[in-house]
Amino acid sequence: MTSTAKATASLSDTEKKMLELLLKGASGRVIAERLGYKEGTTRVYLHSLYKRIGVNNKTSAVTWYLDTIAAADQRETGVLASSAYRVNTFGEMALKRGLLKTLGIMGVFLGPYGRMWEAAHKLKGDRGASVADEQLRAVSRNLWEALLEGDFVEGKRQFDAGILPKLFVAAPSDAVVLASLLVLGGYTASAKKVMAALPAKRGGSLGVTLDEQRALAATSDAIEKGSDSALSALHELFRTSNARPLFRHLLLVNLFHLYRLRADANRCMSTADALWAEAEAARGQLEAAGDRTLSSEGALPSPPAVTPAKLSSYLEKLIA
């Protein structure tokens, strides 16, 4: 029996119920009410549950539940067995494998410091950045890819390493990606510190936009309170942000993770499909502007120089 199977088998009915409630977005207070415990007692039980299944927060516990117990239940009913290889949309594959793996090279058209950013700076004739700036951009890009992958621990690691002040000074919107990782990962205390350190941008002042603040607050409410209004607010922010592609990308990725945590497969897949459409649109815009990032003709390169006689001799040896 694998370690995962052992952990699953050893869960009590109460622990399974806790996981089911977490999956529905229930807070610690709601779980306590449903199970008839005091809120402090519930926190102790949740901590014990996290330790048992090898995770360290609510979000990871829900992901573990989806990848083990829920998946096992589907296999028993034959659902996964019958549809494992019939994938018709990007969203279906993203639900199975995650956004980062499914996007592949198309990921270069999404998020901060991607192909769109590179093309824009090339057109501006920028002379290049300092080594420190390049390193910070690489960190920001890595944070974005961690968000795509659902690697929320990377956000906590970078926060603990003191990256926030550097991000805030260089590009406040990059700090919004960090905050999203912390919020979605259930690192509530750290997330609140980041959100408090990001004042709204006014005029030429350093800060994040009001919509970015609203997006973080709504994502936090969706995680902590299971709020449907918070999800609707994120959709509304997406609808009204047509001219801000990077912000739209962030909203879609956050919504993907939120719907996955809720086990809302249909909305999760539709959100992933919308993200793919954003990548396709960016690729099309770049191609129209003369950028041929993915427009290879697909011809084989010339082979190494070999005389016809030597090639014939070699081919004869292959079938001898």
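Q: How many aromatic pairs does a search of the whole structure find?
A: Keep in mind that this is a predicted model, where local features need pLDDT of at least 70, side-chain atom pairs count only at pLDDT 80 or more, and totals for chains, interfaces and linings use all residues. Residues are numbered from 1 along each chain as its sequence is written, and side-chain values use heavy atoms, with hydrogens and water left out. Rings of Phe, Tyr and Trp (its six-membered ring) pair if their centres lie within 6.5 Å. Searching the whole structure that way, the count of aromatic pairs is three.

Q: Are the rings of Y37 and Y45 stacked or edge-to-face?
A: Planes under 30 degrees apart count as stacked, over 60 as edge-to-face and the rest as tilted. The centres of the Y37 and Y45 rings are 5.0 Å apart and their planes sit at 75°, so the pair is edge-to-face.

Q: Is Y37 buried or partly exposed?
A: Buried means under 20% relative accessible area, exposed over 50%, and partly exposed in between (1.4 Å probe, protein chains only). Y37 has 31% relative accessibility, so Y37 is partly exposed.

Q: Which residues of helix α11 are buried, and why are they on the same side?
A: Helices are DSSP runs (H or I, at least four residues), numbered from the N terminus. The buried ones in α11, residues 152–160, are F152, E154, G155, Q158 and F159. They share a side of α11 because, going by directions from the helix axis to the C-beta atoms, they cover an arc of only 155°.

Key: Helix = DSSP H or I, 4+ residues; strand = E, 2+ residues; numbered from the N terminus.
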